[in-house]
Amino acid sequence: MCGPTLFMAGERWRCFLAPSRSSVFRVLHNSCCRKKSTTPKKITPNVTFCDENAEEPENALDKLFSSEQQASILHVLNTASTKELEAFRFLRGRRSINIVKHRENFGPFQNLESLMNVHLFKYKSTVQVCNSILCPKTRGEKRKLPENRFLRKFLKPDIERERLKAVNSIISIVFGTRRIAWAHLDRKLTVLDWQQSDRWSLMKGTSYSSSVYLEEISSIISKMPKADFYVLEKTGLSIQNSSLFPILLHFHIMEAMLYALLNKTFAQDGQHQVLSMNRNAVGKHFELMVGDSRTSGKELVKQFLSDSVLKADPRVFFPSDKIVRYRQMFLSTELQRVEELYDSLLQAIAFYELAVFD
């Protein structure tokens, strides 16, 4: 216990008059992590109780915990403040307040059974509280869970936080039915490379030849520099719409090909270098969503290009030796819908700001 829109907590127990939180958890840690020879039978937290209000045999709690564990639990119950008690999972809210009030009115708890004299405590809840005190999961430890859940909403597969934090550069890839675009950014949000390719014929005909996909995609990948991660746009198209099946098939073939061709070291180290990022998550990050639809990011990208020249500290930096080429590339697309080009850049920025920089 202890311890795919289309594009895209031993020492012998001692009493303290005013223990600090660290001293409370140190006593608990020593009790919880004791050698097996002195630890009683493991208490299964998911014990099934027929009735929480049912009477239990006298001194039943004393038989569940060793004398040293009982001492550790009583030490917390008799000395911890309301705020310190709330650090334990089953002692939040009224229960911690009731413990302190009972202690003030009737003196310290003499044994674990006396805890059931406190309002909101029955046999089952008392066992849960005792186990929680012996092996606490503090709020500080549980803060990691929402962060992991947040990442899982828009980034697949699951990646260790340490790897994300250590990223030096990524290539963001967005593909559609007629073109593919990618942006290469470092962790300073400097645009190292930004390109698109629309000279392919993958959607011509309905054969979906694997050899044609391999030839086209290999040719494009050969132009890409190395990076720590390759981030692909994950569309949200529904497979239930049969009219979109050819497009969905194309997207899945593209995704599978890119995963296989870019994960060059996966067979050796089992580490994913290719990730899929939810398209709508990027849209929400840049406030481009209107209901369930995502609007064009062209004006936002245009603003980033302008800010890189006019501002001393722009959100995205385009190197001076490349800014003219990038501006010309952008201007050449203004009369077309080249969303892949814009989205590849926006996806890269969102990846850093959401997954790397929090």
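Start in the middle of things: select Leu 164, Leu 185, Trp 194, Met 277, Phe 318, Leu 345 and Phe 351, the residues that touch the most other members of the 43-residue largest nonpolar core. A nonpolar core here is a set of buried Ala, Val, Leu, Ile, Met, Phe, Trp, Tyr and Cys residues joined through side-chain atoms within 4.5 Å. Buried means under 20% relative accessible area, exposed means over 50%, and partly exposed lies in between (1.4 Å probe, protein chains only). Next, color helix H16 (residues 339-356), which gives this core its largest share, twelve residues. Helices (H or I, at least four residues) and strands (E, at least two) are DSSP runs, numbered from the N terminus.

Before you go on, a word about what you're looking at. This is a predicted model: local features need pLDDT of at least 70, side-chain atom pairs count only at pLDDT 80 or more, and totals for chains, interfaces and linings use all residues. Residues are numbered from 1 along each chain as its sequence is written, and side-chain values use heavy atoms, with hydrogens and water left out.

Now zoom in on Phe 351. Which residues does Phe 351 touch, not counting those up to four places away in sequence? They are Leu 155, Leu 164, Ile 170, Val 231, Leu 275, Met 277 and Val 356. Contact means heavy atoms within 4.5 Å.

There's a second, separate core too, with 25 residues; select Ile 99, Leu 115, Val 118 and Val 129, which are among them.

Jump to Ser 125 in helix H6 (residues 123-134). Ser 125 is buried, with a relative accessible area of 1%. Beyond its neighbours within four places in sequence, Ser 125 is in contact with Arg 95 and Leu 120.

Time for some backbone spotting. Show the peptide bond from Lys 156 to Pro 157: it is cis, with omega near -10°. Pro 157 sits in the loop between strand E1 (155-156) and helix H9 (161-165).

Then pick Leu 189, in the loop between strand E3 (180-186) and strand E4 (191-197). Leu 189 isn't a glycine, yet its phi is positive, near 60°. Is Leu 189 buried or exposed? Buried, at 6% relative accessible area.

Finally, zoom out: the chain has 16 helices and eight strands, and 46% of its 358 residues are buried.
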